[in-house]
Amino acid sequence: MPTPLAWRNVTHKKVRTAAALTGVCFAIVLMFMQLGFYDVVFRASIMLLDQFAFDLVLVSPQYVHLRASGSIPRARLFQARALPGVASASPLYVANGAWRNAATGARRELPMLGVDPDEPAFALPALVKEAPRLHELDTALMDVHAQKRYGPIHEGLVSELENRRVKVVGTYAYGSGFMADASVIVSDRTLLRLAHDASRENVSLGLVRVLPGTPVKDVMAALQQHLPADVKVWRRRDLEANEQKFFVQIKPIGLMFFSGVLLAFGVGGIILYQILSAEVTNHLKEFATLMAMGYKERFLVLVVIQQATLFALLGFAPAVVLALFMYLVIGWVTQLPMVMTVGRFAGVLVLSVAMCAAAGLIASRKVGRADPADLF
Amino acid sequence: MWRRTTTPLAWRNFSHSRARLVGSLAGVTFAVILMFVEMGFLNGLYDNHTRFVDLLDADLLLVNADKEAVIPLQPFPRRRLLQVRGQPGVASAYGLRAEEMHSFLKNDRDGSQYPMMILGFDPTERVFLIPEVAAAAPRLTVADTVLVDSRAKDFYGDRVAGGEAEVSGRRVRIVGTFPLGPDFRVDGTGLVSERTFLNLFPDHRTGETTVDRIEFGLVKLVPGASVRETRRALESVLPEDVRVLTKAEFSDRIRSYWGASKPVGYVFGTGMVVGFLIGVTICYQILYTGILDHLPQYATIKAIGYDDAYLIRLVVEEALYLGVGGFAGGLVLTALIYGLLEVYTSVPMHLTILRMAAVFVLTLAMCVVSALIAVRKAIEADPAEVF
């Protein structure tokens with residue numbers, strides 16, 4: 001076929017094509033946005049955990065999520081350290097505190113995360129570097145992202161945590177996600193002074209690092225074998241999956257965002273069909289002419305599907321640019337990790353083409369009915 | 001200006017081809033649904049959190065000056081309540097205590113425990129506007145009894161009167177249920193008497209109980225007293241650490257807390273904008289295609305001597321039919337979808353007149369905007385060229 005008919009159809013009426021492409025583009029943007037929001041639920045549920053370095057974690061059988069963790073006896077950490085393959089087993093204390101906004105004096109709650117500054121518990125480079133400063137009592141490391149709601153946050157700032165003077169000795173920038181509006185990192189000793197119902201012997205979580213070269217599952221099996229039933233041993237991904245499950249399946253926010261994804265695909269699909277169907281209708285005369293000239297229906301259907309694919313591809317390109325821009329803006333405004341992944345890019349691309357082709361296929365039934373005698 | 005011609009031309013254009021009509025309306029309908037659902041989620045988020053305030057039996061609320069929402073907790077000294085009592089216009093002032101971070105309900109079904117918001121109040125006083133609570137409250141006068149939220153998340157186990165559970169390590173008996181439902185922060189709520197509350201949550205730090213700290217002060221006025229004047233009187237006797245608010249004002253605070261601190265406002269706002277834009281392009285495509293197909297007719301109309309304003313009116317009128325038709329279909333489907341979403345997400349999805357009006361206006365705007373863009377094609381129609 002020397003004439004690229006599908007391409008000619010697409011490029012023939014520029015304005016009309018532009019309008020159709022805009023529609024396709026918005027439908028794809030809608031899918032990208034809703035998927036991006038849904039993905040944020042997964043990422044934002046574990047942002048507090050991202051700050052820490054661990055391969056395995058010891059949790060209480062009562063563990064619900066990081067802010068309702070229950071506790072395990074500190075002795076379990078000593079027992080864990082004695083096992084082969086365990087590089088470190090560090091306590092993490094989690095308690096609720098009230099931070100005094102240094103500018104307004106208003107108090108606002110946030111989780112306090114207590115760690116032993118000598119333990120290799122941190123993952124973020126800034127925290128690893130600043131951790132030794134926590135040796136001084138009543139000092140804290142704060143996330144600068146907290147500034148929006150908790151007043152100025154900078155190194156050297158003195159404010160109050162749980163009605164006690166606390167000095168910010170270091171800052172970092174990461175974000176706290178859905179689990180909290182902000183968080184503050186203190187030493188275990190400071191936390192025990194601040195939180196009235198915390199006890200040194202009751203650890204919220206035990207963070208276990210495995211020696212390089214040792215299979216994590218071997219160490220996990222050893223821990224499970226040697227520790228009593230008052231602790232559960234989870235892999236890092238088990239803990240992450242637990243937190244995500246809580247926000248994705250139980251909290252309304254995950255359910256709402258998932259409904260949004262379903263809606264985007266439903267509406268997106270129907271919109272694509274509507275647009276392609278209109279396109280076919282617009283070219284019905286030409287198709288009828290071609291049939292009168294002797295072209296087979298199969299050929300015309302193929303042209304329609306080609307055209308649909310072209311629409312999908314041409315709509316996809318600006319949609320990706322627009323979606324990336326909106327990810328950037330929303331990520332910046334909400335300080336949540338809106339990021340494009342290769343999987344989502346490929347998935348939406350394949351799906352858009354498939355939806356357009358399917359819509360084209362349905363719409364092309366009209367072509368079969370195009371009767372030259374009727375049209376002229 | 002909007003004078004009718006003898007022939008309802010716009011209507012004829014609109015309803016000419018049944019197949020095309022259905023396709024066009026479907027496009028607009030789905031844009032309408034998209035806007036409705038996104039707006040429903042946004043409002044649902046707010047309604048979810050202000051519902052609690054709506055159910056408090058009070059004319060004025062006394063809260064900590066820093067308090068932004070029901071949760072996070074921000075207690076204030078109980079003596080503020082005593083300062084309020086006896087002020088002119090005040091009939092009564094009751095305290096409501098709350099605990100969230102340290103309160104867990106352990107169910108007897110599988111022994112699992114989950115955080116639950118526990119509220120403590122005087123069961124002999126009317127504090128909630130929930131009939132079930134009013135009916136069951138007298139039973140709370142027995143120590144270590146609790147009323148639990150029948151609409152709370154399933155993981156709390158069986159919630160029936162006569163059952164037992166454990167709240168923060170202490171056995172309690174369930175003496176009734178009431179319908180409240182979870183919100184974004186709280187998965188379930190339990191109501192106890194003040195006495196039980198203090199049994200459950202002693203303050204470890206001071207060795208005393210939490211007796212001096214309350215979360216809400218519920219102020220009721222004597223009949224005929226002015227809310228504004230009473231409020232001014234209260235503000236003049238109370239120190240800076242508490243604030244006197246109407247229920248509506250506190251609900252506004254809650255909305256601004258949830259709107260700004262969580263990304264949800266932006267998320268659903270973006271969804272609405274995208275829905276609107278999709279609607280505009282769909283409408284445009286429909287109208288443009290319609291104009292294209294009827295180009296000879298438009299040219300004829302112009303040749304007869306009708307002016308551009310007439311053409312604009314014609315296309316806008318057609319667009320409005322599209323908008324009204326699409327809105328009607330969208331509204332029916334939305335009512336259905338809202339019902340499903342409410343069950344699935346436990347977020348209240350209310351279809352109020354005001355919200356319907358807002359989407360209706362947006363839909364019409366969407367159609368008119370696209371009509372004004374599309375009509376240029378008809379205006380350009382040159383009778384000499386068309387034939």
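Predicted model: local features only at pLDDT ≥ 70, side-chain atom pairs only at ≥ 80, totals over all residues.
Residues are numbered from 1 along each chain as its sequence is written, and chains are lettered from A.

**Exercise 1.** Describe the side of chain A that touches chain B.

Solution. Start with the contacts (C-beta atoms, placed from the backbone, within 7 Å). They join 45 residues of chain A to 41 residues of chain B. Next, find the elements. Those giving two or more residues are α2 (14-44), β4 (107-115), α10 (252-282) and α12 (297-334) of chain A. α10(A) gives the most, 15 residues.

**Exercise 2.** Work out how α10(A) packs against α13(A).

Solution. Take the axes, which are lines fitted to C-alpha atoms over the stretch in contact. The axes of α10(A) and α13(A) (residues 342-363) come within 8 Å and cross at roughly 45°. Angles under 35 degrees count as roughly parallel, over 145 as roughly antiparallel, 65 to 115 as roughly perpendicular and the rest as oblique. The two helices are therefore oblique to each other. Now list residues. α10(A) contributes, among them, Gly269(A), Leu272(A) and Tyr273(A). α13(A) contributes residues including Met355(A), Cys356(A) and Ala359(A).

**Exercise 3.** Compare chain B with a compact globule of 387 residues.

Solution. The globule would have a value near 21 Å, but chain B has 29 Å. Then check the extents. The C-alpha trace of chain B spans about 95 × 55 × 35 Å along its principal axes.

Notes
Contact = placed C-beta atoms within 7 Å. Helix = DSSP H or I, 4+ residues; strand = E, 2+ residues; numbered from the N terminus. Rg over C-alpha atoms; globule rule 2.2 N^0.38 Å. Axes fitted to C-alpha atoms, helices over the stretch in contact; angles between N-to-C directions.
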